[in-house]
Amino acid sequence: QRGLVWFRSDLRIQDNSALYHASTRCEQLAAIFIACPETWKNHDEGDALVSFRMACLQKLQGQLQTRNIPLYFLEVPEFSLVPEALQQIIQRLKVEALFANAEYPLNELRRDNAVREKLLEHNVSVEYYSDRTLLPPGAVRAASGDPYKVFTPFKRALIQLCAGSQVKPLPTPRKIPPSTNSEHWPKWLAVDVKGNRKLTQKIPSQLLGYSLNIDGSGRVKGWESGEQAAQKRLKAFAEIIDQYQAERDFPAKDSTSRLSPYLNSGAISIRQCVKMALSQNKGLWQGGDEGIACWISELIWREFYTHLLTDFPRLSMGRPFKEETEQIPWRYDEGLFSLWASGETGVPIVDAAMRQLNETGWMHNRLRMIVASFLSKNMLIDWRWGERYFMQHLIDGDFASNNGGWQWTASTGTDAAPYFRVFNPYSQSQKFDPNGEFIRHYVPEISSLSNKEIHEPPMIEGYPQVICDVSAGRKRAIEVFANLK
Ligand code: FAD
């Protein structure tokens, strides 16, 4: 059989379901990646995220070459053109089967359904694998058959389903002899969709509408790209995982895994992560070492948010999980929003956090909650503005986790806590950056202040006054939520 593996957010060769199964079933195998920069822009995917994706793709091409699998690249503006483009390519390459790993946001699901329909009309088989999560969305159900809407029972049920069987990453795909493979694929093809497009085996260094910034060794904003970098990071994190619970909330400490860009581009699989954790915790999902159990639990948050997408399509339509929160009179003050975004709110922990995001493409989880709460509660600005800004700037932007995290913090989402959870940015700052170490790094204007003053500075030249009354904002948010019907 002659097959084509369509890579998307699964840019690795180890433990990749679509690639593995294709390699066991096909004598001749090629791979393809399709960039859709206009759709990516519409999805708010930013330069850092797309640069990292393209850098991982370069590395993937090298790795596929070692297995004699050529990787084709095609650029079409939008998802809507993909079915037609793939059909033409598949016909010209005489491919009989397409293999890919499923993606779950609504537009991705619709694209994949359209591809399946189109190719089936031409007798090409299409196989989508569940690979991004431990269990396929829809597999974790309450006794009533309903999806879980709250994390803790979801986690309990998932562990019950998983604990009985081993988490087993798939073997490395076989190397296909060049005489049966690489020689049988043309170097390029013309594709006739919306202008003349070229399918090539060359990954471009530019993409329409994006400013790609990848250094000579494939790093993006200092982040090493690709599968080997991801494995190196997993190994390094395995050395400190037992400290995770105790230290994970302190942004000045480098104590979390920083695997999120790799999990989201697919440079590492969820099974590889869970396997590492279980192997250090005597196979236990909960209990055992507290640090390890806590990390597993965080991975299950990612799982939870991804599962929610298929059961609640409205999440992919900019709508809140809790429908009654549609009534909230969010504010749309562009001036205040841009001060929040650039890290000039006058609240040091918020400013330090936003500057970390703007400079490195990543933000510590504790800080994501603090800045999201500040924007959506104290400032009462629509959480969707914050969600979009995060997506545009994060190197680890993931629709499910970002939407889930924003909705959780804005209390429009799945949080089981009462509506009035509003983080106090000052006490959070005192608690999680007690010596102001993190603040001093990103907000040097106030670095000479004492450990006491740095969290809530007095009037100081060169640093802004607070842009909103933190306690009045809190009160207003509580009132707004109390008035919901
Ligand atoms: P670790 O602490 O080492 O955790 C390991 C992995 O578990 C992470 O890489 C991630 O895949 C997963 N994880 C951890 N915490 C969460 C969580 N709360 N929700 C979902 N998955 C989690 N994560 C993203 O990957 N992409 C996003 O776009 C994103 N946006 C967020 C927006 C907000 C407002 C909030 C509050 C959280 C967001 N998160 C997002 C979740 C979390 O902040 C990051 O996953 C985490 O900070 C990544 O760092 P790490 O890899 O060192 O995490």
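## Ground rules

Helices (H or I, at least four residues) and strands (E, at least two) are DSSP runs, numbered from the N terminus. Residue numbers start from 1 along each chain as its sequence is written. You are looking at a predicted model, where local features need pLDDT of at least 70, side-chain atom pairs count only at pLDDT 80 or more, and totals for chains, interfaces and linings use all residues.

An open sheet is formed by 5 strands in the order 3-2-1-4-5, with parallel pairing; two strands pair if DSSP finds at least two bridges between them. Strand 3 (71-75) and strand 5 (125-129) are at the edges with a single partner strand each, so one side of each has no neighbour in the sheet. On average, neighbouring strands are turned by 25° against each other, direction ignored.

Strand 1 (residues 2-7) and strand 4 (residues 97-101) pair in the parallel sense over 4 bridges, and G3 stands opposite A97 in strand 4. Helix 5 (residues 106-121) packs on the sheet and touches strand 4 and strand 5. Its direction makes about 155° with that of strand 5 (axes are lines fitted to C-alpha atoms, for helices over the stretch in contact, and angles run from 0 to 180 degrees between N-to-C directions).

## Around Q465

Q465 lies in the loop between helix 18 (437-442) and helix 19 (470-482). Leaving aside neighbours within four places in sequence, Q465 is in contact (C-beta atoms, placed from the backbone, within 7 Å) with G346 and M459. The C-alpha atoms of Q465 and E344 are separated by 8.8 Å, although these residues are 121 residues apart along the chain.

Technical notes:
Two residues are in contact if their C-beta atoms, placed from the backbone, lie within 7 Å.
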